[in-house]
Amino acid sequence: MRVVFFGTPQFALPCLEGLLNHPEFEVVGVVTQPDKRRGRGNQLIPSPVKSMALAHQLPVWQPQRLKKHRETLTQLRQVKADVFVVVAYGQILSQEILDMPTVGCINVHGSILPKYRGAAPIQWCLYNGEAQTGITTMLMDAGMDTGAMLLKAYTPIKLLDTAEHLAQTLSNLGADLLIETLLKQELQQIQPIPQDDSEANYAPLIQKSDYCLDWSRSNLDLHNQIRGFFPNCVTSFRGKSLKISATAPLDSAYLSELPSQLKMRSQEWSTLDVGNAPPGEVVKIAKAIGPIIQTGKGLLLLQQVQLAGKRAQSAWDFANGMRLEVGEVLGNG
């Protein structure tokens with residue numbers, strides 16, 4: 001089966017690697033986003049997918065707007081692909097492109113559709129505190145993740161999973177599901193299932209305001225926001241910006257899902273008298289662990305932070321280095 005692969009970030013690499021290593025598939029080209037300038041030197045950096053494609057000496061197309069780039073569209077027709085595989089590419093494909101391959105365009109999407117259509121399904125799934133998620137392969141149409149579903153694979157979400165951890169799990173899961181989907185689709189062993197639009201919701205691009213922490217929210221809501229939008233959620237500390245990238249909600253309901261180190265010391269905070277502490281106040285600094293913050297409902301342990309202009313560090317090292325005191329209050333982001 002002749003395949004053109006459309007993808008850009010790290011998330012797409014296991015799928016591309018799976019196709020390259022499978023004897024039933026021939027990757028005849030890769031479409032990815034244009035190189036972006038990054039870092040202090042403002043150098044043009046290729047996408048992870050482009051780097052892998054070049055390492056395998058594959059043709060690479062990088063149009064700014066694919067559906068408007070006639071030269072690339074002509075070349076895509078000329079390769080006579082059986083299927084286009086799309087994994088986190090980053091552009092909408094026009095009907096003209098969708099009609100090119102004989103088998104169709106198959107997308108690997110990071111949620112159990114029809115829930116979490118859109119650009120950031122993993123992040124919003126965590127933000128909303130879902131207990132499980134997974135991968136859906138689908139036949140693409142002109143809508144935003146609205147095509148008929150082919151196969152699904154599920155995975156549970158653990159309390160301390162971050163978007164980075166979950167993306168790695170899902171990308172590997174997606175690679176296996178993609179191979180299974182392509183092999184079965186070629187043999188017409190899958191009956192596509194239309195999505196029920198009434199059950200759909202969207203996972204839009206994350207905005208800067210989504211990173212701002214509001215300590216009046218519950219400990220679980222804040223924890224889900226921090227791990228979902230990892231590592232960029234922000235509060236204020238002594239007039240400076242403080243990123244918080246790892247936390248743990250301290251509550252008996254979640255105790256079984258906490259690491260053994262925290263379970264063993266749960267009495268330290270379960271018996272803590274927080275009085276009338278306002279949301280955002282440091283109510284305890286747990287030795288060798290980190291500061292514990294009062295929220296609108298429950299306590300939240302900080303585990304990793306990054307002060308503006310500094311490197312990320314453990315919250316315990318931060319508390320020591322800044323001589324953090326019980327009674328100090330973190331401001332909203």
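Student: Which residues does Leu 19 touch, not counting residues up to four places away in sequence?
Tutor: Keep in mind that this is a predicted model. Leu 19 is among the residues with the most contacts inside the largest nonpolar core. Leaving out residues up to four places away in sequence, Leu 19 touches Val 3, Phe 5, Phe 25, Val 27, Val 85, Leu 178, Ile 179 and Leu 182.

Student: Which element gives the largest share of that core?
Tutor: The largest nonpolar core has 64 residues, and Phe 5, Val 85, Leu 182 and Trp 215 join Leu 19 as those with the most contacts inside it. In general, nonpolar side chains in soluble globular proteins tend to be buried together. The largest share here is 9 residues, and the element giving them is α6.

Student: How many residues does the second, separate core have?
Tutor: Trp 61, Leu 66, Val 79 and Tyr 89 are included in this second core. Its residue count is 18.

Student: What is the volume of the largest pocket?
Tutor: Its lining has 49 residues, with Pro 9, Ala 88, Gly 90, Ala 119 and Leu 205 nearest the centre. The elements giving two or more residues to that lining are β3, β7, α5 and α6. By class, the lining splits into 28 nonpolar, 15 polar and 6 charged residues. The volume of this pocket is about 1500 Å³.

Student: Which element provides the largest share of the lining of the second largest pocket?
Tutor: This pocket holds about 160 Å³ of space, and its lining includes Leu 13, Glu 17, Glu 164 and Ser 171. The largest share, 5 residues, comes from α6.

Student: Now the rings: why is the pair of Trp 124 and Tyr 127 stacked or edge-to-face?
Tutor: A pair of aromatic rings is described by the distance of the centres and the angle of the planes. For Trp 124 and Tyr 127 the centres are 5.2 Å apart and the planes lie at 70°. Planes over 60 degrees apart fall in one class, so this pair is edge-to-face.

Student: Is Phe 229 buried or exposed?
Tutor: Phe 229 pairs with Tyr 211, with ring centres 6.2 Å apart and planes at 80°. The cut-off for buried is under 20% relative accessible area. At 2% relative accessibility, Phe 229 is buried.

Conventions
Residues numbered from 1 in each chain as written. Heavy atoms only, no water. 1 Å grid on protein atoms, 1.4 Å probe; cavity = no way out; pocket = protein on both sides within 12 Å on 5 of 7 lines; lining within 4 Å. Points joined across faces, edges and corners; volume = space filled by probe spheres on them. Helix = DSSP H or I, 4+ residues; strand = E, 2+ residues; numbered from the N terminus. Nonpolar A, V, L, I, M, F, W, Y, C, P; charged D, E, K, R; others polar. Core = buried A, V, L, I, M, F, W, Y, C linked by side-chain atoms within 4.5 Å. Buried < 20%, exposed > 50% of the residue type's maximum accessible area, 1.4 Å probe, protein only. Contact = heavy atoms within 4.5 Å. Phe/Tyr/Trp six-rings, centres within 6.5 Å; stacked < 30°, edge-to-face > 60°.
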